[in-house]
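Student: I have a chain open on my screen and would like to go through it with you. Could we begin with how its parts pack together?

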Amino acid sequence: MRYKLSVCFVLFLFAGLFPCWAQKVAVVLSGGGAKGVSHIGVLKALEEAQVPIDYIAGTSMGAIIGGLYAAGYSPVEMEYIITSRDFKEWVSGKIDQKYIYYFRQPFPDASWMSFKFKYDSVLQTQLPTNLVSPVSMDFAFLELFASAAAAANYKFDSLMVPFRCVAADVDENKAVTLRSGDLGSAIRASMTFPFYFKPIRIDGRLLFDGGMYNNFPSDVAYEDFYPDIIIGSKAANNARPPADDDVLSQIRNMLMEKSNYDVLCESGVMIEPQLKTVNVIDFSHTTEFIDSGYVAAKRMIPQIRKFVLDSVSPEQREAIRSEFNKRKPPYVVKNYTIEGITEGQYSYVKKLLRTDLERRKKTGDTSRNQSLGIVKADYFRLLAENRVYHSYPQLTYSPSLKGYELHISAKQENNFHAEIGGNVSSKSTNEFFLQLGYIYWNKIAASFQSNAYLGRFYNSFKVGGRLEFPSRLPFFVEMYLIGNQFNYMNTSNTYFFDFKTPVYLVHRENFIDLRLGFPIKRTGKIEIGFDMGRNRDSYYQTNTFTTDDVLDKTLTEFYSPSVTIEFNNLNRKQFANSGERFQTEFRFISANEEHSPGTTGNETVKYEHWHNYPAASLSYEKYFRKKGFYTLGIMAETMISFQDFYRNYTSTILISPAFTPIPEMSTLFQNTFRNPIYAAVGQRNVASISKNFDLRIEGYLMVPYREIIQGQDLKASYGPVLKKAYPAASASLIYQSPIGPLSLSYSYYNQEQKPFSFLLNLGYLLYNRPSLR
């Protein structure tokens, strides 16, 4: 250490005696997670003060900022990137909605969490290594840094500013200085905070966040560059001693070694912005932190100028930056390779992705280009298959091809998976959900699945599978055997014999669901379906019954072809607050009704009748872009079914479509909100109290074309045209927990009795696909 200080001091004396000798200034940026964005403000202030920046080094967030600067980005451009919506999605693990392929999404279910199993032992689960998905961030780093790495011929000394970053090799328990290779991968390794992000391999070594061993690489900058002056920017501190009752502080101390935050030279200056304590990936204070870094650096400019005598004008700096950026090869992708998958799987991928690259690869035609935008869409299309457990992309420039080669390192997803979930409620709609699945992937792809819902209100099973056929227009064929049972008697807290809606209603469905599906762009799909099975309804027609009474039973045997078109990019499967959804369905129903009378109706003989009718539905919901904390949502729904009456009023209502915009409504038998022809509109007001807390106030109005009325003979008949309108409203406080939504709701439904409902619910009120709806 004394030797280093002596050298710095001698160099400083020579700089003062011989001002014609150009000084070399190194900037060192610490880690610090989200607080590290303050380095942008520091760099901005240094450039304004015309302080030369000849070398730059950083760890973790400091590596990202330093890497951007070395890659030719100005502080203004860096601030734009870091404050953008895209950056927030990268660090939170979200994928841009335009890259979500709804065609590949499974039918929504009540699952809370998923477990993966190794092929050789279903008893050995694979625990996740990261809390945040790195998919978006990995490709973003490719876009930001690949051209700069190519311009520097993959030597960090040849970047606009020579650059170093530090990562951690946990196998050898030491810090690793990265000086060459893929720039984006080096920075990605340096900022891989344990458990938050998945580690990557460079040259066979599994690397993590460099802050584990060296969170302020002043020594690296000195030993690699021998600068005259070191300017440090500190946005982090060593961890506090572990607390007895704080597990995170204990883990932090186990993982992070104490770092030396000295600049190592007497001719050095440390800039320390005043920053509040935040979570590692909490970027909600980005603008504030950048300003703090700028102010702190401005205050230190006089101190810096005691050591730094040279200046670089804005024109000079812009010329240097412009010259380097001109050297960056444009993003033209000529070839791709995928490693980590079998030959059969590679054949599947070639069919799945756009075939232009593969055809040119075989023929040697390099005259046409593949834009990075198309490649990005293809990359996310591959990941949407849910057959790749992990992938990492890299772009390498090939002078001979005059373009880039895309290398994808992939790891196959485990074959077996299981999901558990359900619903815990203050009412009797509690249920348990379990699903088991198997994925097969070779030249063809198939998935097999079985699930079960168990509860008082809802019981169900589902068994079947799906075949995927990759091509420029991919499609799937799926077939499932589904059994549903809805016991509406169990959804009411109290039962009164004078309540007009029958209190004993059990609806059962057993049917085969066959579908052929094609994508419509990224967010849509069209499905051609065919259902065949039977529904069984058991009910009393009145509430004046005894234990000696016999239930009415209606058996409906049916077949029903259908066509469904849907576009969906809602951000959640329940209680969404962004995106939109459009669905229209056309269906023909041929059903044979068999009614066995009970003792609470007027019939005494069995009745059989065929019903043949078309039906069409259309629904739309949209959440407009958030303004501050408020989001406006709208919805509309219409249903037209030319069904005729069943034998009695209750069986007619049971077969009629239901309007259920509030999740609780799906658990209630509400005859006022069931009708073969209706139109409905609604408004959803969402106030985001915090990232995971929403306050929702929503209201709806349903207008049936003609109300279905129960006569004295317990038969169904129509009322006047457009004479009734039924409102429904709900106010809910919702917390999006790690396993599912926790909601506290107070709702109003237009009924003659018990119009108000209170519900505390954890989980999802979602079910397997129903028949005829």
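Student: At what angle do α2 and α3 pack?

Tutor: Helix α2 (residues 38–48) and helix α3 (residues 61–70) pack at an angle of about 35°, and their axes are 10 Å apart. Axes are lines fitted to C-alpha atoms, for helices over the stretch in contact, and angles run from 0 to 180 degrees between N-to-C directions.

Student: Where do these values come from, and how is the numbering done?

Tutor: This is a predicted model, in which local features need pLDDT of at least 70 and side-chain atom pairs count only at pLDDT 80 or more, while totals for chains, interfaces and linings use all residues. Residues are numbered from 1 along each chain as its sequence is written, and side-chain values use heavy atoms, with hydrogens and water left out.

Student: Which helix does α3 cross at roughly 35°?

Tutor: That is helix α6 (residues 135–151), whose axis comes within 9 Å of the axis of α3. I64, G67 and L68 of α3 make the contact with F141, L144 and F145 of α6. By class, the contact of α3 with α6 has five nonpolar, one polar and no charged residues.

Student: How many residues of α3 are buried?

Tutor: In α3, 10 of its 10 residues are buried, and the helix is mostly covered. Among them are M61, A63, G66 and A70. Buried means under 20% relative accessible area, exposed over 50%, and partly exposed in between (1.4 Å probe, protein chains only).

Student: What about the residues around α3?

Tutor: S60 is found in the loop between β2 (55–59) and α3. S60 has a positive phi of about 60° although it is not a glycine, and at 8% relative accessibility S60 counts as buried.

Student: Which other non-glycine residue has a positive phi, near 45°?

Tutor: Y226 has that value, and it lies in the loop between α8 (218–225) and β9 (229–233). Y226 is exposed, with a relative accessible area of 52%.

Student: Which residues does R321 touch?

Tutor: Not counting residues up to four places away in sequence, R321 touches E47, Y69, G72, Y73, S74, P75 and M160. R321 lies in helix α11 (residues 314–326) and is buried, with a relative accessible area of 5%. The C-alpha atoms of R321 and M160 are separated by 6.7 Å, although these residues are 161 residues apart along the chain.

Student: Let us change topic. Is S460 buried or exposed?

Tutor: S460 is buried, with a relative accessible area of 6%, and it lies in strand β18 (residues 458–469). Beyond residues up to four places away in sequence, S460 touches N451, A452, Y453, G483, N484 and N768.

Student: And α12, why is it described as largely enclosed?

Tutor: Seven of the 10 residues of helix α12 (residues 343–352) are buried, so this helix is largely enclosed by the rest of the structure. The buried residues include Y346, Y348, V349 and L352.

Student: Where does F758 sit, and is it buried or partly exposed?

Tutor: F758 is found in strand β32, and at 46% relative accessibility it counts as partly exposed.

Student: Now the whole chain, please. How many helices and strands are there?

Tutor: The secondary structure comes to 15 helices and 32 strands. Buried residues make up 53% of the 773 residues in the chain. Of the contacts with a separation of 6 or more, 68% are accounted for by residues 24 or more positions apart.

Methods: Helices (H or I, at least four residues) and strands (E, at least two) are DSSP runs, numbered from the N terminus. Contact means heavy atoms within 4.5 Å. Ala, Val, Leu, Ile, Met, Phe, Trp, Tyr, Cys and Pro count as nonpolar, Asp, Glu, Lys and Arg as charged, and the others, Gly among them, as polar.
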